[in-house]
Amino acid sequence: MNSLIFRTVAPFLTAVMLAFSIFVLLRGHNEPGGGFIGGLIAASALAIYGMALGPDVARKALRVHPLVIAAAGLLIAILSGMMSLAYDVPFLTGLWAEFNMGRDVLTLSTPMLFDFGVYLVVVGAVASMVLGLEDNEEESP
Amino acid sequence: MQATRDMIGIYALLLAIGLPIVMAWPLAALERWVRGAIGWIAALMGLAGLGALLLLVPGLGETPSRVLELDWVPSLGLRLAFRIDGLSLTFAITIAAVGSLVLLYAGDYLKGHPHRGRFIGFLSLFLGAMQGLVLVDSIVGLYAFWELTSLASFLLIGFDADRQAARRGAIQALVVTGIGGLALLAGGVTLALVTGSWQLSGATASLVASPAFPLLAALFLLAATTKSAQVPFHFWLPNAMEAPTPVSALLHSATMVQAGVYLVLRLSSVMSGGIWWNGTLMVLGALTLAWGAFGAFRETDLKQVLAQTTIASLGLLMLLAGIGSELALAAALIYFVAHALYKAALFLVVGGIDHGTGTRDITSLRGLREPMSLSFIAALMAGAAMLGVPPLLGFWAKEEMYKAAALPDMAMIAALAVLVLGNVLLGAVGLLLAIRPFMGVQLATPKLPHEAPWGMIAGPLLLGIAGLALALLPGEVERLLAPALAAVAPAAKPFHMPRGIDLIGVPFLLSMLTWALAMVAYRLFNPMRIGLNKALRRVPSLDRGFDRAYFGLVRLAGAVTRLLHHGRLEIAMLTIFVMLAAAVLLPLALADGWPLRPNWPDLRLEEWGVMALAVAGVVTVVFAPGRLMAILALGIQGTAVSLIFLLFGAPDLGFTQFMVEILSVVILGLVMTRLKLEGRDPRPMEDWLRDGSVALVAGGAVTLLLLRVLETPLDPRLSDFFNENSAALAHGKNIVNVILVDFRGLDTLGEISVVMAAGIAVLALIRVARSAKPVPAAAPVPEPEAEAEAEPDKPKRARRRSPA
């Protein structure tokens, strides 16, 4: 992709999309959104970054292999389910904790953690496919 | 008192079954540090089990047979129960004694072998499984231990996995005994259905009159005859001789092949009496006895000679079990113990000879009595037991079996004749093994003959002494065998070991005849070998048939794989869509009925616009001149569909669909450039027609199905449940997401695992395609082509699939 405009805009676009993807992930419990959609948005952001600046730059920016991200997500999802074991309730039972922050109430839960795991798996797996396919463009004459 | 006995029983079970299985891996790992002492350590472990089992003998008459029960699969009502009675203890004690000595022997036999630890571990695992087999009372447990012995013996027989013959022997043993294992499972289930109990001890009344009797007899006999190498399944046993000698000594004396004998004896209290059971056993047993006894004369490899005699002895035991009288069963029990002792000793001596001289060929072994005097003594004791010379235990076994068969009845006379013939030939082989290699003038052997180390001498000597001691202590033997006979034949009179020889009785006269003929057969060994080999060469065996069936199966699997995994994407897609159309249309046509004509939808203008966009997208896909344009048009169509979802109140679905469409366009475009496909995609007319009609039919089928589904009233129970409980139970207002991460979290976990696996698979395919691509270099690189020729479908398949 040799368009100057695209290459200039892509990093900003990626940053905005990544921020948006996290927003979508977090609002998912009460509004449309969630881990799957957020993950797909983030993967598209990475695809854009890879297309504009090359998959190697994108990989360097990620620091770890995309599949590592996916594996970490799977691990987080499983661990969030296993937290219920500590309370002697079945696997994947939702646990909730509320923190009073003065004006607001912060609610943390294992389903949220689970959703975060879903998000990472989708980002990692899709990004690894896309970046893997983009690799070839570099090689082709 | 009772409680103490139960405690002893539990400890004995743990030491005899649990300890060897649990210790299998630690023993294998330990070898690295203790080196040569591993055999002694393993033998000590075996002796602990033996000691604990011996402690159970005094209480045999009184204690109830079942000592340990534990819940195994409570939801299926399965309990793991163990039974300690005379029969199981007779087998367990013999197994423990032989097993301990073999473990000791193996430590020295495999000295310097890189995998000695692993070998000891396998032996230990096998020993525990075998003890479990004879001590367990649950039908399912019996099956599990039965299969575990098959698996462990597979590992042991194929221990020298570098040799093709060893691998073949191992696979053959596993397949043949595996067939028997399945028969055992089927028989066990049938038995449980007939008796209503999942314990073997639940079968108390005779089953001969049951309508299921022929089926039960067929299944259990198939299990027993495959495991115990009866004709026509005898072919696997000689091939199993590829195993290291300690394995043969253990598997073919007291364990493995005796599992079938154990099964027959265990069931004879309820199965004996029907012609299906006794007749089959007698015929197969007699055939096997004769085949093995003559077969022993055809071999020159000492181990093969012993293998054939093992087949013969197993036939003899089956024949006795088939006669089924009190005397015959008692003879079978004595013979089992005597045979286990002398056969293990002979195998171990042969291993020692092999170790000391470097050869096992009987024609090149002579005069070893000087350099291998201790082996000579052990071989003499074992050979004499095989010939049945008083006062050894083998003699009493022979007396008892002649006494059992000496009846004025046509079938019995025939059985007696086969028994005498078998004993003559086996006795001659006993003489051959005890005398031939040790007497005469020493011949040159590959190694200078020398005595084996202590660990390898102790076993055969102790086994020989045990054969003598047991015969001299009839009272002690009775304490074990009397309860054993009571377990096999509940109505039998109390069992007594014979104490004196009736010098003018028929059995002793037959014994003298046996000895005389055995001497003659021994003298005629060489001419008999040549004659038998000439005469029996053309007798068909399943051995070659096994290979044909085995490789035929492999070829069939290959053919089916090539048929279904042909690697052609267009045919795979065509198959999928044709099947889809059939799966949807057939139920509609045959059962459900076609949908009525739907009403004209009442849509607003912007909704019509979105519909039109979707249709325009599809039409463009079909008629687009270039691939890139088609991909983009597909994206437009998908986006229109996601808009429809949005408009009709499924924002989450629309949102996700939208992202998926965008990514699909990106990925498809990348794949296109990646595969360097041409921009245009011209197709012949017939392809166009074929693909188009399949697409129209499949699409029409799905449309009809959806219309039909919409005609049925919506069941609101699920939606109502989620509407009510989403916020209350899961603190979330977005029902779709709450279902995904909370109510059906496990499903989602499965899905993301699939996503993860798909990511790995796609990356692997991309890498494979990259490495398979010919590198543009100065010299042509023929490598991928050569590979493609050798494995016609592999690389092609990988390359073709990468776009999917």
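**Close-up views of a two-chain predicted model**

**View 1. The interface of chain B with chain A.** About 3800 Å² of area is buried between chain B and chain A, and carbon and sulfur atoms give 75% of that area. Buried area here is the accessible area (1.4 Å probe) that two parts lose on being put together, summed over both. B:Leu670, B:Ile752 and B:Met756 supply 15% of the area that chain B buries against chain A, more than any other three residues. The contact (heavy atoms within 4.5 Å) takes 46 residues from chain A and 42 residues from chain B. The model is predicted: local features need pLDDT of at least 70, side-chain atom pairs count only at pLDDT 80 or more, and totals for chains, interfaces and linings use all residues. Residues are numbered from 1 along each chain as its sequence is written, chains are lettered from A and ligands numbered from 1 in the order in which they are written, and side-chain values use heavy atoms, with hydrogens and water left out.

**View 2. Polar pairs and elements on the chain B side.** Between chain B and chain A there are zero salt bridges, a salt bridge being a side-chain nitrogen of Lys or Arg within 4 Å of a carboxyl oxygen of Asp or Glu. Eight residue pairs are in polar contact between chain B and chain A, both residues at pLDDT 80 or more. A polar contact is a pair of N or O atoms within 3.5 Å; within protein, one must be able to donate a hydrogen and the other to accept it, and residues adjacent in sequence count only if both atoms are side-chain atoms. On the side of chain B that touches chain A, the elements giving two or more residues are helix 25 (651–674), helix 28 (735–743) and helix 29 (745–772) of chain B. Helix 29 of chain B gives the largest share of that side, 17 residues. Helices (H or I, at least four residues) and strands (E, at least two) are DSSP runs, numbered from the N terminus. The residues of the side of chain B that touches chain A divide into 23 nonpolar, ten polar and nine charged. Ala, Val, Leu, Ile, Met, Phe, Trp, Tyr, Cys and Pro count as nonpolar, Asp, Glu, Lys and Arg as charged, and the others, Gly among them, as polar.

**View 3. Confidence along chain A.** Chain A averages a pLDDT of 87, and 95% of its residues score at least 70; pLDDT is the predictor's confidence in each residue, from 0 to 100. Among the elements of chain A, helix 4 (residues 66–82) has the highest mean pLDDT (93) and strand 1 (residues 96–101) the lowest (78). Over residues 137–141 of chain A the pLDDT is below 50, and this stretch has seven contacts in the model beyond near neighbours in sequence. Where pLDDT is low, the predicted coordinates should not be read in detail.

**View 4. Salt bridges in chain B.** The side chains of B:Glu326 and B:Lys493 form a salt bridge at 3.9 Å, N to O. This pair links distant parts of the chain, 167 residues apart: B:Glu326 is in helix 13, and B:Lys493 is in the loop between helix 18 (474–488) and helix 19 (506–523) of chain B. B:Glu326 counts as partly exposed because its relative accessibility is 30%, and B:Lys493 is exposed at 59%. Buried means under 20% relative accessible area, exposed over 50%, and partly exposed in between (1.4 Å probe, protein chains only). In the salt bridge of B:Arg604 with B:Glu606, the closest N and O atoms are 3.0 Å apart. B:Arg604 is exposed, at 52% relative accessibility, and B:Glu606 is partly exposed, at 42%.

**View 5. Two loop residues with positive phi.** A:Arg63, in the loop between helix 3 (55–62) and helix 4 of chain A, has a phi near 70°, a positive value in a residue other than glycine. Its relative accessibility of 76% makes A:Arg63 exposed. B:Met256, in the loop between helix 9 (245–251) and helix 10 (258–271) of chain B, has a positive phi near 45°. B:Met256 is buried, with a relative accessible area of 0%.

**View 6. Two cis peptide bonds in chain B.** The peptide bond from B:Val231 to B:Pro232 is cis, with omega near 10°. B:Pro232 lies in the loop between helix 7 (213–227) and helix 8 (236–239) of chain B. The bond from B:Pro390 to B:Pro391 is cis, with omega near 5°.
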